[in-house]
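Subject: Structure handover

Hi,

Here is the structure I promised to pass on. My notes on the pockets, a helix and a loop residue follow below.

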Amino acid sequence: MRAPLDRISAPFFPADAEWVNVARLRMDQQLGRPVLIEFWDFCRCNSLRTLDYVRTWHARYAAAGLRVVSVHAGAYPPSQDPAQVRAAVQRLGIEHAVMLDTDYTLWNEYGNEAWPARYLFDRRLRLYSMHYGEGAYDETQAEICELLEIEPEPLAALRPQDAPGARVGQPTAEQPGAWSGPYEAGAVWAVLEPAADAAGDEATVRCNGRTIAVAHPGCYTVVEHERHSVGVLELEVGAGVVCHAVQFTPGLIAD
């Protein structure tokens, strides 16, 4: 969504915030370059699905002047632990700057309402565009290139449902805890964490007859369909794993 011109300036980063991959950044020192801010959570499937696009923009356009900052605001116990966030950043191979918004200071400054959410600021650090949720990747890339005054490169959709104009279904809402039951989605995810005293094969879950190892806290794909589908989830979580939530993402609607 394109923002009103010349009205909203970029909020400053909290002075006491922790940073990953870079020394502490100051927003006022970014003046003269476009800045892309992405609020995310490594325990949210929608954030993980957007992450590869954010990494692509950093890889393509950092040398041309774009600053990319992923602001991590955790919604679950493991993603509220700075040590676990740092481990996730390393595990996910994130090379751009990551700020830990542990107490939601910057989230509240923005009045943010979703994961993921991205805010693109121009060279004067005025809001240029914003987007809640997945999608609109081609639009964001075009806007980045407008601000950098360069020709946009082709951006391939990583999933069929990401393509412009793709028809996707409405997935079931997130369910708390180790939930089982009927659902509608293209994929089902579970926010899982090995129990503190789990050992060996205890850190596993069973989902619709399939065993899934839980090596670290995070959001795991437990069911995947080729198209948007109706199904029944049967999730069995033993003593070696904590399940914080079950999440759903959309799939393509069959023609």
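By class, how many nonpolar, polar and charged residues does the lining of the second largest pocket have? There are six nonpolar, six polar and four charged ones, with Ala, Val, Leu, Ile, Met, Phe, Trp, Tyr, Cys and Pro counted as nonpolar, Asp, Glu, Lys and Arg as charged, and the others, Gly among them, as polar.

Before the rest, a word on the basis: this is a predicted model, where local features need pLDDT of at least 70 and side-chain atom pairs count only at pLDDT 80 or more, while totals for chains, interfaces and linings use all residues. Residues are numbered from 1 along each chain as its sequence is written, and side-chain values use heavy atoms, with hydrogens and water left out.

Back to that second largest pocket: its volume is about 230 Å³. Of its 16 lining residues, R49, R159, Q161, E224 and H225 are the closest to the centre. Two or more lining residues come from each of α1, β8 (181–194) and β11 (218–233), and β11 gives the largest share, four residues.

The largest pocket holds about 400 Å³ of space. It is lined by 24 residues, and those closest to its centre are N46, E134, P171, F248 and P250. Here α1 (45–61), α4 (137–148) and β13 (241–249) each give two or more residues, with the largest share, three residues, coming from α1. By class, this lining has eleven nonpolar, seven polar and six charged residues.

On terms, a pocket is an open set of points on a 1 Å grid over the protein atoms alone, where a 1.4 Å probe fits, with protein on both sides within 12 Å along at least five of seven lines; lining residues have an atom within 4 Å of a point. A volume is the space filled by probe spheres set on the points, which are joined across faces, edges and corners. Helices (H or I, at least four residues) and strands (E, at least two) are DSSP runs, numbered from the N terminus.

Then there's α1 itself. It has a kink of about 35 degrees centred on L51, the bend being the angle between axes fitted to the seven residues ending there and the seven starting there.

Lastly, R33 lies in the loop between β1 (18–20) and β2 (35–40). Beyond its neighbours within four places in sequence, R33 is in contact (heavy atoms within 4.5 Å) with residues including A62, R67 and D122.

Cheers
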